[in-house]
Amino acid sequence: MQPRIPGQSAHEPDGRPRVPPDDDVRLSAELAAVVSGARRRAVRDGDRQIDTAHLLHSLLESDPEVRSVFDGEPRLARLMGYLVQRSIGYGLRWQGSVEDSGAVPAVTGVEGYSPLAGGAMEDACARAGRRGGPVLGIDLLAAILVDPEARAVEVLDRAGIDANLVFVRADSHFRPAV
């Protein structure tokens, strides 16, 4: 009997990994675990790259600080439902396509990420650099919500959550109160 789900390789036909390693020294241990979870999700879903929705899903599952940005959000369960069903329904139209809005310059140096997710990783690193610390989940949350064409933003909108409000909460998380 044939298995219902075909086996999936974590490597391209030429032997390169489909998604990036989790050992970026700029990342906190917590964020490295988030990237690892997003990588596993991308491979399991049959996606060639980690996209912003993979990162959002992993952040929500793994990072209490990120979840605190959503505290009191009545539609959080709906959001998680959309993210969970990505590989079986919602999001299937994304398979085989690259997440790139064209609104920001494509980042080609971040292998294994969609152009938007790669740009978000670089932006998160820059945010942490300005703060003087390792890259945290809250940095990445703000960074993945910058582009209104990001899949993470689309999922939030679909769930009825204001992505701009979430961005403002995440972006202001490390700013001192005035």
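**View 1. Asp51 caps the N-terminal end of helix H2.** A side-chain oxygen of Asp51 lies 3.0 Å from the backbone nitrogen of Ala53. A polar contact is a pair of N or O atoms within 3.5 Å; within protein, one must be able to donate a hydrogen and the other to accept it, and residues adjacent in sequence count only if both atoms are side-chain atoms. The model is predicted: local features need pLDDT of at least 70, side-chain atom pairs count only at pLDDT 80 or more, and totals for chains, interfaces and linings use all residues. Residues are numbered from 1 along each chain as its sequence is written, and side-chain values use heavy atoms, with hydrogens and water left out.

**View 2. Helix H2, residues 52-62, is mostly covered.** Of its 11 residues, 9 are buried (under 20% relative accessible area, with exposed over 50% and partly exposed in between; 1.4 Å probe, protein chains only). The buried residues include Thr52, Ala53, His54 and Leu55. Leu56, His57, Ser58, Leu59 and Leu60 are buried as well. The buried residues of H2 pack against H1 (29-45), H3 (64-69), H4 (76-84), H5 (115-131), H6 (137-144) and H7 (151-158). Contact means heavy atoms within 4.5 Å.

**View 3. Helix H2 passes H6 in a left-handed crossing.** In such a crossing the near helix is turned anticlockwise from the far one by less than a right angle; clockwise would be right-handed. The two helices pack at an angle of about 145 degrees, with their axes 10 Å apart. Axes are lines fitted to C-alpha atoms, for helices over the stretch in contact, and angles run from 0 to 180 degrees between N-to-C directions. Thr52, Leu55, Leu56 and Leu59 of H2 make the contact with Gly137, Leu140, Leu141 and Ile144 of H6. These residues divide into 6 nonpolar, 2 polar and no charged. Ala, Val, Leu, Ile, Met, Phe, Trp, Tyr, Cys and Pro count as nonpolar, Asp, Glu, Lys and Arg as charged, and the others, Gly among them, as polar.

**View 4. Helix H2 packs with H7 at an angle of about 60 degrees.** The axes of H2 and H7 are 6 Å apart. Thr52, Ala53 and Leu56 in H2 meet Arg151, Ala152, Val155 and Leu156 in H7. The residues of this contact divide into 5 nonpolar, 1 polar and 1 charged.

View 5. Helices (H or I, at least four residues) and strands (E, at least two) are DSSP runs, numbered from the N terminus. Of the 178 residues in the chain, 44% are buried.
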